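Subject: The model you asked about

Hi,

Here is the structure, ready to open in your viewer. Have a look at it first, and then read on.

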Amino acid sequence: MIARRILHRLSGSILALFVLVHLFQHLAVLAGAPAHLAVMEALRVVYRWPPVEALLLGCVAVQLVTGVPLAWSSRAPGQRLARLSGLYLLFFLAVHTTAVLAGRYAGTDTNIYFAAAGMHAWPAAAFFVPYYFLAVVAIAVHLGSAVARRLPAAHRGRIVRRCAAVGTVSSLLIVGGMARIDIPAAYLQPFTQSGGKSG
């Protein structure tokens with residue numbers, strides 16, 4: 001159990017660094033899709049470098065393998081939010097990583113258009129809007145809970161609430177930015193072919 005927890009925290013710390021940079025990248029969408037694409041291309045030089053990408057994918061795998069048993073064994077009332085946010089992040093990591101790898105295998109550039117396309121077609125938007133919104137909030141809550149564990153009990157709740165507030169605002173900005181960009185028809189095609197209507 002101790003080794004599992006250490007692996008989970010170590011891989012989680014590495015992923016957290018990537019996720020924070022990735023969220024900064026997504027906030028660039030507020031300046032429009034071209035600005036986001038420019039930031040993405042600059043950052044891809046680092047996170048798509050094969051050794052770094054292999055490390056990140058390995059960390060995702062470790063999170064998936066260790067996360068569910070840890071969440072199942074953690075029953076402390078004060079860790080409820082950490083557990084729930086962690087379980088949602090495991091779901092998001094599994095779906096998002098699989099979708100990105102499948103898209104890349106199919107020859108699709110998995111850029112902001114790929115990420116946002118589902119939010120521009122109905123009924124897919126009913127899934128993708130809360131899917132992305134909750135992911136950013138869950139990241140903030142989970143990281144806040146991890147920081148709070150190292151602080152005196154009197155400060156823990158306040159830290160988690162503040163992180164949740166920052167996550168909520170960030171999520172609204174990112175999802176709002178993704179919802180207002182124009183999506184090329186090629187990225188909407190998988191959703192419109194299945195009977196969905198583009199927005």
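Below is what turned up, grouped by topic.

Before anything else, please keep in mind that this is a predicted model, and that every value here is computed from it.

**Salt bridges**

How many salt bridges are there? The count comes to three.

Start with E41, whose side chain meets that of R44 with an N to O distance of 3.8 Å. That sits just inside the rule, because a salt bridge needs the nitrogen within 4 Å of the carboxyl oxygen. Both residues belong to helix 2 (residues 33-47), and because they are three residues apart there, about one helical turn separates them. Is R44 buried or exposed? R44 is buried, because its relative accessible area is 10% and buried means under 20%. E41, on the other hand, has 43% relative accessibility and so counts as partly exposed.

The other partner of R44 is D109, and here the N to O distance is 3.0 Å. This pair links distant parts of the chain: R44 is in helix 2, while D109 is in the loop between helix 4 and helix 5 (112-116), 65 residues apart. D109 is partly exposed, with a relative accessible area of 34%.

The remaining bridge is between R104 and E53, where the closest N and O atoms are 2.4 Å apart. What does it tie together? R104 lies in helix 4 and E53 in helix 3, so the pair connects parts that are 51 residues apart in sequence. E53 is buried at 18% relative accessible area, whereas R104, at 30%, counts as partly exposed.

**Helix 3 against helix 4**

That last pair also shows up in the helix packing. Helix 3 (residues 50-73) and helix 4 (residues 80-105) pack at an angle of about 145 degrees, and their axes are 10 Å apart. Their crossing is left-handed. From helix 3 the contact is made by E53, L57, V60, Q63, L64, G67, V68 and A71. Helix 4 contributes R83, L87, L90, L93, A94, T97, L101 and R104.

**The cysteine in helix 3**

C59 is found in helix 3 as well. With a relative accessible area of 5%, C59 is buried. Which residues does C59 touch, leaving aside those up to four places away in sequence? They are S11, I14 and L15. As for L84, 25 residues along the chain from C59, the C-alpha atoms of the two are separated by 20 Å.

**A nonpolar patch**

On the surface, L27, L30, V169 and L173 form a nonpolar patch, and together they have about 300 Å² of accessible area. V169 is found in helix 7 (residues 153-179). V169 counts as partly exposed because its relative accessibility is 49%, and exposed means over 50%.

**A cis peptide bond**

One backbone detail to finish: W122 and P123 are joined by a cis peptide bond, with omega about 10 degrees. P123 is in the loop between strand 1 (121-122) and helix 6 (125-148).

Cheers

Technical notes:
Residues numbered from 1 in each chain as written. Predicted model: local features only at pLDDT ≥ 70, side-chain atom pairs only at ≥ 80, totals over all residues. Heavy atoms only, no water. Patch = residues over 30% accessible without salt bridge, like charges linked within 9 Å, V, L, I, M, F, W, Y side chains within 5 Å. Areas by Shrake-Rupley, 256 points an atom, 1.4 Å probe, with all protein chains shown as cover. Helix = DSSP H or I, 4+ residues; strand = E, 2+ residues; numbered from the N terminus. Buried < 20%, exposed > 50% of the residue type's maximum accessible area, 1.4 Å probe, protein only. Axes fitted to C-alpha atoms, helices over the stretch in contact; angles between N-to-C directions. Left-handed = near helix turned anticlockwise from the far one by under 90°. Contact = heavy atoms within 4.5 Å.
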